[in-house]
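Visitor: I have this one open and have not looked at it before. Can you walk me through it?

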Amino acid sequence: MCILAALLSAALAQTTPPAAGGSASTPELNSVLTLMDQTAEKFRTTEADFVWDQFAKVVNETDTQKGKLYFRRTKSGVEYAAQITEPTEKYVLVREGKVRVYQPGIDQETVYQPGKSKADLESFLMLGFGGRGHDLEKSFDVRYLGTEEAQGIKADKLELVPKSQRARNTFSQILLWIDPARGVSVQQELLEPSGDYRLAKYSNIQINTKIADNVFKLKTSGRTKVVSP
């Protein structure tokens, strides 16, 4: 399952009220969250190269995907596109309340319907990419873990633990490495209770550049098979 499908699962899990809890508030944490708030105020678009490592503990193997992702904020919400180029070509599009995954090799499009969880899905997608920092404290217990090298940057490291038990059943912990100059994530790690994890590394990050409209359209064929899980 790709990172997008996992985020969809987590978003669906967020529909239950969060459990009681609180963030370990410190001046350092408040500073990082405030910087993310300031970035969110000006956020329009982001594009970046990515490497996604998905580790499966039971077989002790890591599956790696590489490609490019795009975000943009519109009047109707957030649009997200990912073009996976390795090891096989795949396209992911989040738009108009749907998550669509197209696999050219088998000419198949899979359509997911977040339904009432659309807002939660958008919040997960924008973790560290245009989402407000202090809004994280509504759904997560947040801790500042100091600074750590990530993608060639001395980044501020945050730990997020979901307040909702159902969400913790999907991700027990999320780690974000935030660029202190731009207030965006250069690395993310999503850990599952099973010991599996998904590590996302971002490079060549460009903020508020114009992105062509056709990036947010799937280039399917006239014979594409469409399925809905």
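Guide: This is a predicted model. Strands β9 and β10 form a hairpin with six residues between them.

Visitor: Which residue in that turn has a positive phi?

Guide: Gly-183, with a phi of about 75°.

Visitor: How many bridges join β9 to β10, and which way do they run?

Guide: Six bridges join β9, residues 173-178, to β10, and the two run antiparallel. Within that pairing, Leu-175 has Glu-189 of β10 as its bridge partner.

Visitor: What does β10 do on the β11 side?

Guide: β10 and β11 are also antiparallel, joined by five bridges. Here Glu-189 stands opposite Leu-199 in β11. These strands make a hairpin as well, with five residues between them, and Gly-195 takes a positive phi near 100° there.

Visitor: Why call β10 largely enclosed?

Guide: Strand β10 covers residues 185-191, and six of its seven residues are buried, so the rest of the structure largely encloses it.

Visitor: Zooming out, what sheet are these strands in?

Guide: An open sheet of 12 strands with mixed pairing. The order is β7-β8-β9-β10-β11-β1-β2-β3-β4-β5-β6-β12.

Visitor: Which strands are at the edges?

Guide: β7 (140-150) and β12 (225-227), each of which pairs on one side only. Ignoring direction, neighbouring strands in this sheet are turned by 20° against each other on average.

Visitor: Is the pairing of β12 with β6 parallel or antiparallel?

Guide: Parallel, over three bridges, with β6 covering residues 108-112. Glu-109 stands opposite Val-226 in β12.

Visitor: What about Phe-71 and Tyr-80?

Guide: Those two form an edge-to-face pair, 4.9 Å centre to centre with 75° between the planes. Phe-71 is buried at 1% relative accessible area, and Tyr-80 is buried at 4%. Together with Phe-129 and Tyr-202, they form one aromatic cluster.

Visitor: Which residues touch the most other members in the largest nonpolar core?

Guide: That core has 27 residues, and the ones touching the most other members are Phe-50, Trp-52, Leu-69, Phe-71, Tyr-80, Ala-82 and Tyr-202.

Visitor: Which element gives the largest share?

Guide: β3, with four residues. Other elements giving two or more residues include β1, β2 (61-74), α3 (118-125), β9 and β11.

Visitor: Why would nonpolar side chains be buried together?

Guide: I can only give the general pattern: in soluble globular proteins, they tend to be.

Visitor: Back to Tyr-202. What is it in contact with?

Guide: Leaving aside neighbours within four places in sequence, the contacts of Tyr-202 include Phe-50, Trp-52, Leu-69 and Phe-129. Also among them are Ser-185, Val-186, Gln-187 and Gln-188.

Visitor: What does the second core include?

Guide: That core is separate and has 16 residues, among them Phe-140, Val-142, Leu-176 and Ile-178.

How values were computed. Residues are numbered from 1 along each chain as its sequence is written. This is a predicted model: local features need pLDDT of at least 70, side-chain atom pairs count only at pLDDT 80 or more; totals for chains, interfaces and linings use all residues. Side-chain values use heavy atoms; hydrogens and water are left out. Two strands pair if DSSP finds at least two bridges between them. Axes are lines fitted to C-alpha atoms, for helices over the stretch in contact, and angles run from 0 to 180 degrees between N-to-C directions. Rings of Phe, Tyr and Trp (its six-membered ring) pair if their centres lie within 6.5 Å; planes under 30 degrees apart count as stacked, over 60 as edge-to-face and the rest as tilted. Buried means under 20% relative accessible area, exposed over 50%, partly exposed in between (1.4 Å probe, protein chains only). A nonpolar core is a set of buried Ala, Val, Leu, Ile, Met, Phe, Trp, Tyr and Cys residues joined through side-chain atoms within 4.5 Å. Contact means heavy atoms within 4.5 Å.
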